[in-house]
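Open your viewer and get ready to select residues as we go.

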Amino acid sequence: MRIVEARVIVSCPGRNFVTLKLTTDEGVTGIGDGTLNGRELAVASYLSEHVVPLLVGRDPARIEDTWQYLYKGAYWRRGPVTMSAIAAVDTALWDIKGKVAGLPVYQLLGGRSREGVTVYGHASADTVDGVLARVAEFTRQGYKAVRVQTGVPGLSDVYGVHTGPGVYEPAGAAVPTEAVWSTERYLDHVPGVFARVREEFGPHLRLLHDVHHRLTPIEAARLGKSLEPYALTWMEDPVPAELQEGFRLIRRHTTTPIAVGEVFNSVWDCQRLVSEQLIDYVRATVVHAGGISHLRRIFDFAALYHVRSGSHGATDLSPVCLAAALHLDISIPNFGLQEYMPHEDATDEVFPHTYRFEAGYLHPSEEPGLGVDIDEELAARYPYKPAALPVNRLEDGTLHSW
Ligand code: GCO
Ligand code: MG
C-alpha cells in the first residue's frame with residue numbers, strides 16, 4: 001500500500017483547526033490533528049511545504065520509520081510547530097493502520113486497561129456562588145472530577161473563566177487582547193474558593209485548578225500549601241516549566257500534587273520533572289507531542305516514576321486529537337485523568353465522531369481506526385480567521401505569563 005495524496009485542511013468551525021488527511025492507493029484514508037492555537041498557519045505551511053512532498057509514495061504501514069524520518073530527517077528537532085506536524089502524520093497513520101486491520105486503534109495499542117476514561121469538566125464563573133452552581137451541574141451530569149476557576153476580585157479578566165455559554169478561550173482577536181494580572185490578589189482569593197467548594201461538595205469529588213504558568217516557585221509553594229486542606233487532585237502549571245529545577249522548590253514545601261505538560265512537545269521537556277518525581281501528572285497531548293507514537297513513549301517513561309497521564313483536552317485541540325487521546329487513555333497502564341470540554345456544535349459537525357460521554361466517562365470509538373472523520377465540504381464553509389490568545393500585564397504594565 002502507498003500514500004497517494006496528503007491534504008492539509010484549515011478550517012474555522014467555531015475556532016481554527018489544522019487537519020492532515022492521507023489517502024492510500026487502495027482508497028483508505030486517515031486523519032490527524034495539527035492544530036497549534038494562535039499559530040495554526042505555521043504548522044499548515046510546515047506540513048504542505050516540507051512534509052507532504054515526502055509522504056506521497058511512502059508505505060503507510062511504517063509508522064515508526066516515518067516518525068523517525070520526519071524527526072531526524074528535519075535535522076532541526078523538537079519545537080511545537082515541528083512536533084505538531086509530525087503528530088498530524090503519525091495520528092493519520094495510526095488511523096489508517098486501524099482501518100486496514102479492522103480494529104479500533106486502542107486494540108493495536110494493547111487493548112483495554114479500564115472500562116472508561118475518567119474525565120474532568122471545567123466549572124468556572126466570576127463569583128464563588130456562580131462556580132458552586134456550575135460544579136453542581138457537573139456533579140448532576142455524573143462527573144467525578146471538576147476543574148474550578150473563578151474571577152479574582154479587583155481583576156476584570158482572568159484566564160479560565162468562561163465569558164458565556166460555549167465560549168472558552170478568548171482567542172478571538174487577530175492581535176492579542178490584554179488583561180491585567182495581580183499575583184497578590186490571586187493568592188489571597190483562591191484558597192477561600194476551594195474552602196467553599198469542599199464545604200458544599202464534601203471530600204470525594206476530585207478537584208483541580210489551573211494556575212496557567214503565572215507564579216514563581218516560591219509563590220506556587222505557598223499556594224500549594226494553602227490548598228492542602230482541600231486535597232486537590234492537582235495544581236496545574238504552577239510555574240512556567242522551562243526551568244525544571246524550579247519544581248524542586250515547590251516540592252520541598254507542599255504535598256499538593258502537580259500536573260504539567262500541555263506546552264511540552266517531547267519526552268525531553270519532562271525528562272527531569274519525571275525522573276526526579278517532581279510532578280504527578282504529565283499533561284502532554286497527542287497533537288503537540290509528536291502524535292500517538294511519541295505520547296505513548298512519554299507515558300511509558302512516566303510510568304517508571306509513578307507519574308500518571310492527565311492529557312490536555314481543551315477545545316482548541318480538534319475532535320481528531322481527542323479521539324486519538326482516548327485510544328491511548330483506555331490502553332495505557334498509568335492513566336490519570338483526561339481533560340474534557342465538549343466542542344461546539346459546528347466543530348462536531350465538521351468532525352463527525354463516535355466517541356461518547358456517559359456519566360463522567362468518555363468511551364473511545366469501537367470503529368476501525370480512530371473513529372473520527374472530517375466533512376471536507378462543510379469544513380470549506382468555515383474559512384480560517386486569524387485569532388491570537390490574550391496576554392497578561394502586571395498592574396504596572398510589565399508583560400507577564402497569561
Ligand atoms: C487547559 C489549558 C488551555 C490552554 C489552551 C491554549 O488546561 O485546558 O490551559 O486552557 O490555555 O489550550 O490554547
Ligand atoms: Mg492548562
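This is a predicted model: local features need pLDDT of at least 70, side-chain atom pairs count only at pLDDT 80 or more; totals for chains, interfaces and linings use all residues.

**Stop 1**

Begin by selecting helix α6, residues 183-201, together with helix α7, residues 217-227; the two pack at an angle of about 20°, and their axes are 9 Å apart. That angle makes α6 roughly parallel to α7, because angles under 35 degrees count as roughly parallel. The crossing of this pair is right-handed. Now show the side chains at the contact: T183, L187, V190, P191 and F194 come from α6, while E219, R222, L223, S226 and L227 come from α7. Sorted by class, the contact of α6 with α7 has six nonpolar, two polar and two charged residues.

**Stop 2: the other partner of α6**

The axes of α5 and α6 lie 10 Å apart, and the helices pack at an angle of about 40°. The two are therefore oblique to each other. Here again α5 passes α6 in a right-handed crossing. Which residues of α5 and α6 meet? On the α5 side, pick V128, V131, L132, V135 and T139; on the α6 side, pick V193, R196, V197, E200 and F201. The residues of this contact divide into seven nonpolar, one polar and two charged.

**Stop 3**

Next, select H213, found in the loop between β7 (206-210) and α7. Its phi is near 65°, a positive value in a residue other than glycine. Most residues other than glycine have a negative phi. Is H213 buried or exposed? H213 counts as buried, because it has 21 C-beta neighbours inside 10 Å.

**Stop 4: one side of α8**

Go on to helix α8, residues 246-253, and colour its buried residues: G246, F247 and I250. They cover an arc of only 90° around the axis, which puts them on the same side of α8.

**Stop 5: α1 against α3**

Now bring up helix α1, residues 40-55, and helix α3, residues 80-101. Their axes come within 9 Å and cross at roughly 50°, which makes α1 oblique to α3. α1 passes α3 in a right-handed crossing. From α1, select A42, V43, Y46, L47, V51 and L55; they meet V81, T82, S84, A85, A88 and V89 in α3. By class, this contact has 10 nonpolar, two polar and no charged residues.

**Stop 6: a loop between two strands**

Zoom in on A359, which lies in the loop between β13 (356-358) and β14 (361-363). A359 has a positive phi of about 50° although it is not a glycine. With 9 C-beta neighbours inside 10 Å, A359 counts as exposed.

**Stop 7**

Finish with Y382, in the loop between α13 (376-379) and β15 (391-394). Y382 counts as partly exposed, because it has 19 C-beta neighbours inside 10 Å. Which residues does Y382 contact, leaving aside its neighbours within four places in sequence? They are S11, C12, P13, A346 and V350.

Terms used. Residues are numbered from 1 along each chain as its sequence is written. Chains are lettered from A and ligands numbered from 1 in the order in which they are written. Axes are lines fitted to C-alpha atoms, for helices over the stretch in contact, and angles run from 0 to 180 degrees between N-to-C directions. Helices (H or I, at least four residues) and strands (E, at least two) are DSSP runs, numbered from the N terminus. Angles under 35 degrees count as roughly parallel, over 145 as roughly antiparallel, 65 to 115 as roughly perpendicular and the rest as oblique. A crossing is left-handed if the near helix is turned anticlockwise from the far one by less than a right angle, and right-handed if clockwise. Two residues are in contact if their C-beta atoms, placed from the backbone, lie within 7 Å. Ala, Val, Leu, Ile, Met, Phe, Trp, Tyr, Cys and Pro count as nonpolar, Asp, Glu, Lys and Arg as charged, and the others, Gly among them, as polar. A residue is buried if 20 or more other C-beta atoms lie within 10 Å of its own, exposed if 12 or fewer, and partly exposed in between; C-beta atoms are placed from the backbone. The arc is that of the directions from the helix axis to the C-beta atoms.
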